[in-house]
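Hi,

Here is the structure I promised to send you. Have a look at it first, then read on for what turned up.

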Amino acid sequence: MMNRAANALLNPTARPFTIMAGAIVVLALMDRGTGYFFSLGTVFSVMQLFATIGLVALGLGLSILVREFDLSVAGIVGLAGCIAVMTGVSSPWLGAALGVGAGVVSGVVQGLIMTRLGLSSVGVTLGGLLTLQGITYVLTENKTLSYPNMAVALGLNEPIASLLSVRSVAALAVFVLAAMVMTYTHIGRDVIATGSDRRAARVAGLNTNRVIIGVFAASGASAALAGVLLSYSLGAASPIALADVLAPAAAAAIVGGVSVVGGRGSPMGIAAGVLTLCILRSGLSAIGVEPHVHDIVTGMILIVIAFLDAPDLARRITAWRLDRAEREVS
Amino acid sequence: MSEIALRSRFRSSRAWARHLVLGIRIGGATAIAVFALSTPGFTSPISINALLNAISFIGCVAVGMTFITLTGNIMSLCLGATVSASALVFLASLSFGIVPAFLIAIAFGVVITAVQGALVGFFRANPILVSIAGLSLLIGGAALATGGQRIYPGGEGLQIFKGRVAGIPVEAFYFFATVLIGQLVLSWTRIGREMTMVGSNPRAAAAAGVGTAMAVTVAYMIAGACSAVAGVLLAARYGSGDMELGTGYDYTAIAAVLVGGTAIQGGSGSVIRTLIGVTIIAIIEVVLLLRGFSQQLQYLLTGIIVLAVIMLHTIGERR
């Protein structure tokens with residue numbers, strides 16, 4: 001039993017689902033049958049949160065999968081939201097298309113800079129993040145924009161079967177699409193190959209530069225869609241309000257089993273990671289725990305994952321055991 | 001074509017690229033200097049003071065970030081939160097007196113980053129992941145401790161951390177002291193040299209008998225101490241504190257480190273370079289302000305310039 005539990009935690013493919021199940025069980029026990037946790041309201045709010053963080057985590061997770069790190073997602077969320085709100089008053093579809101288009105363009109441009117000049121993603125996307133934020137400030141003239149088309153806002157948040165909304169269904173659909181592409185097409189195989197060993201993939205004849213550019217375009221599109229959906233449903237967009245998505249998104253991707261050394265992770269795992277964080281946040285507040293406890297719980301889960309995934313953990317433990325054994329002998 | 005001819009052509013093209021990069025760097029620096037000095041009012045005491053203020057707070061964090069980048073650990077997303085949290089600790093412990101409060105705040109910052117550094121150093125845990133974990137724990141812990149309220153100080157003597165001496169903001173003295181101590185540790189102590197070695201090649205450093213884990217841990221502790229100094233200065237300046245105080249400092253700090261020319265992959269860089277990076281960014285901001293650019297255009301131009309400088313540096317260092 002202990003062994004099986006340990007395996008479920010150490011096996012990276014199963015881990016996101018194990019952690020999610022663990023979170024649900026613990027919250028259910030803490031709830032003690034009062035029914036606040038297992039309510040339709042909790043599920044609905046979990047899914048609303050999922051729609052916000054999930055798509056950003058998916059984009060960031062894909063970039064981590066190819067051993068890069070797309071810091072610019074935080075900037076794209078804000079920019080796409082503002083573009084959609086500014087251009088989508090009469091036609092929401094046009095605004096959404098332009099917002100997502102901006103995300104794709106930003107991803108492709110950054111991908112081109114990285115691959116053509118051979119630069120690291122952290123530097124380029126950091127500059128990209130600051131530039132995108134600057135563009136957002138210029139477009140909005142440093143003000144909060146309101147979106148007068150309230151029908152869209154209400155429509156996006158309209159409950160479907162009391163559990164989902166149009167917004168969360170859209171986020172789920174993107175995840176399903178991403179999972180199908182990653183599992184059933186050669187694109188998925190190419191992405192995993194690029195992330196596992198880029199040199200080997202290149203030697204095998206794969207155009208890894210194209211894969212990198214594609215991943216950053218997808219990451220930009222996904223983050224942009226998150227920004228568009230959020231701004232539409234809030235009926236407002238502002239250059240500052242959406243900046244704090246990077247840390248939760250990265251946390252969700254990592255809890256979702258995306259390996260920071262590249263080549264390991266899947267959209268369904270990322271979805272489980274996002275759900276875990278959302279369940280913790282909504283679940284804890286549903287059963288009346290103080291609001292910021294979920295930050296502490298998330299932090300502890302991340303510390304444990306960082307510790308378990310650390311490459312030198314096994315070596316340190318072996319060295320410590322040998323040391324102790326030697327001392328007992330002498 | 002023979003292999004030798006190919007090789008020499010390849011080499012000369014690389015040398016040519018390096019000359020080009022050097023030329024652009026000198027040209028860029030001259031352009032910034034000319035642009036700044038030709039701006040009316042740039043050399044006025046008010047503008048110089050604004051410049052010094054701007055670089056002091058962010059500069060301390062950037063000096064700390066330099067140590068993390070230099071040891072090959074890219075960046076920490078937790079330093080901004082460390083700034084805020086140590087500001088809160090400083091304000092909360094002011095009743096013990098100003099100097100003890102300062103020391104408690106520094107010690108707090110050091111402990112926060114020492115734990116992260118130990119995880120990264122001893123087990124080679126992923127630095128960005130560890131820093132996000134630290135960020136979550138700090139935000140949650142601070143909210144529980146303060147109940148989400150702002151903290152107002154209960155003690156006296158904040159003057160030694162704000163105001164002016166000989167017309168220069170006091171914050172600048174603390175910042176320059178931080179730069180000086182940082183650079184001395186980096187180039188004149190054994191552990192400082194070891195940090196650079198670990199960053200450039202951890203395996204070679206370990207083979208050469210360097211305590212790599214210790215070097216990384218100490219680098220993180222220095223980063224925590226520097227962030228805590230920024231936290232104390234900010235707390236003294238505003239007279240109150242909350243967790244918003246240091247928000248966004250992580251990104252500005254790493255931008256300053258990279259603009260200064262410390263390599264993102266570690267092993268090459270210095271505190272002085274970071275001082276230059278912070279100064280360049282601050283000069284650009286002050287000049288744009290004096291020339292009457294709107295706040296939003298300032299953000300955009302600063303972003304584009306940072307992107308351009310980072311590209312330029314990394315092209316020069318490309319393998």
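Before the numbers, one term: buried area is the accessible area, taken with a 1.4 Å probe, that two parts lose on being put together, summed over both. Also keep in mind that this is a predicted model.

So how much do chain A and chain B bury between them? It comes to about 3,800 Å², with 80% of it on carbon and sulfur atoms. In terms of contacts, 47 residues of chain A meet 42 residues of chain B.

Across this interface there is one salt bridge by the rule used. It pairs B:Arg124 with A:Asp312, and their closest N and O atoms are 3.3 Å apart. The rule for polar contacts picks out four residue pairs across the interface. On the chain A side, helices H5, H6, H12, H14 and H15 each supply at least two residues, and H6(A) gives the most, with 13. Sorted by class, that side has 30 nonpolar, 11 polar and six charged residues.

Now the rings: the count is five aromatic pairs over all chains. One of them is A:Phe50 with A:Phe175, a tilted pair at 5.3 Å centre to centre and 40° between the planes. A:Phe50 sits in helix H3 and A:Phe175 in helix H8 of chain A, so the pair ties together parts 125 residues apart in sequence. A:Phe50 is buried at 0% relative accessibility, and A:Phe175 is buried at 1%.

A:Tyr137 and B:Tyr299 are stacked, because their ring centres are 4.1 Å apart and their planes are at 20°, under the 30 degrees that stacking requires. A:Tyr137 belongs to helix H6 of chain A and B:Tyr299 to helix H12 of chain B, so this pair joins two chains. A:Tyr137 is buried at 9%, while B:Tyr299 is partly exposed at 35%.

Cheers

Methods: Residues numbered from 1 in each chain as written. Chains lettered and ligands numbered in written order. Predicted model: local features only at pLDDT ≥ 70, side-chain atom pairs only at ≥ 80, totals over all residues. Heavy atoms only, no water. Contact = heavy atoms within 4.5 Å. Salt bridge = Lys/Arg side-chain N within 4 Å of Asp/Glu carboxyl O. Polar contact = N/O pair within 3.5 Å; in protein donor to acceptor, adjacent residues only side chain to side chain. Helix = DSSP H or I, 4+ residues; strand = E, 2+ residues; numbered from the N terminus. Nonpolar A, V, L, I, M, F, W, Y, C, P; charged D, E, K, R; others polar. Phe/Tyr/Trp six-rings, centres within 6.5 Å; stacked < 30°, edge-to-face > 60°. Buried < 20%, exposed > 50% of the residue type's maximum accessible area, 1.4 Å probe, protein only.
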